[in-house]
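Let's take a look at how side chains pair up in a protein model. Have the sequence and the 3D view ready, and find each residue as it comes up.

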Amino acid sequence: MQHKAIKRGKPEIAFSIFNYIFFTLLCIVMVYPFWHVIMMSLSSVEATAKGGVFLWPKGFNLETYAKVFNDPSIWSGYFTTILVTLSGTFFGTLFTATTAYPLSKKYLPFSKAMLLLVLFTMLFSGGMIPGYLLMKNLGLIDNRLSLILPGLVSAYNVIIMKSFFQSLPESLEESAKIDGATEVTVFWKIILPLSKATIATIALFTAVGYWK
């Protein structure tokens, strides 16, 4: 059975053309600053100082890149960034899940009070100076853990994961417990495998937060 092509009127065609032109210009406006910086980095110092570097480099050279990558501090910085991002994402996602799962249970004592404490951190924070004093008292000054621990668990991520856990049918856990499974077994072997999409989302949010 052949389907007839839907004919578009002139207003729709004009609107589509306008969209193509508008978003093409928008992409150019957004990409050009990055392209300009790259072209300047590939140009000679004299050409950069004189100006006039726009779409293509002038006096092409890689001296600036050689100086940057020969500096050992750049590799130390990358190592710290990657280490903090990977470890923070892994442990942050793990602790977020282990925090959200108990809070999603109605039978947990004082669950509402603990949830309010979690929500309280979304509205109020200690601030920079109390945070610094806390890291100092914990002996974490000049320690990479000071970059990981403060942002390990986000209240926003806890609420997202808690809402997902509450959407799972309780019959799954009840049937597992009838077979002798403990709460830990239910969490690791039933709940987490069913939460891969949510875990991936939380991991992405956490990784973006740590990548600085």
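## Aromatic pairs

There are 13 aromatic pairs here, where a pair means rings of Phe, Tyr or Trp (its six-membered ring) with centres within 6.5 Å. Planes under 30 degrees apart count as stacked, over 60 as edge-to-face, and the rest as tilted. Keep in mind that this is a predicted model, where local features need pLDDT of at least 70 and side-chain atom pairs count only at pLDDT 80 or more, while totals for chains, interfaces and linings use all residues. Residues are numbered from 1 along each chain as its sequence is written, and side-chain values use heavy atoms, with hydrogens and water left out.

One of the pairs is W35 with W56: their ring centres sit 6.2 Å apart, and with 85° between the planes the pair is edge-to-face. W35 belongs to helix α1 (residues 10-41), while W56 is in the loop between α2 (45-50) and α3 (63-69), so this pair ties together parts that are 21 residues apart in sequence. The helices (H or I, at least four residues) are DSSP runs, numbered from the N terminus.

How open are these two to the outside? W35 has 34% relative accessibility and so counts as partly exposed, whereas W56, at 63%, counts as exposed. The cut-offs are simple: buried means under 20% relative accessible area, exposed means over 50%, and partly exposed is in between (1.4 Å probe, protein chains only).

Now go to F164 and F165, which make a tilted pair, 6.3 Å from centre to centre with 55° between the planes. F165 is buried at 3% relative accessibility, and F164 is partly exposed at 22%.

## Salt bridges

The model has two salt bridges, each being a side-chain nitrogen of Lys or Arg within 4 Å of a carboxyl oxygen of Asp or Glu. In general, side chains of opposite charge can pair when their charged atoms come close.

Are K105 and E173 buried or exposed? Both are buried.

K177 and E183 also form a salt bridge, at 2.7 Å, N to O. Here K177 is partly exposed, at 32% relative accessibility, and E183 is partly exposed with a relative accessible area of 32%.

Technical notes. Helices (H or I, at least four residues) and strands (E, at least two) are DSSP runs, numbered from the N terminus.
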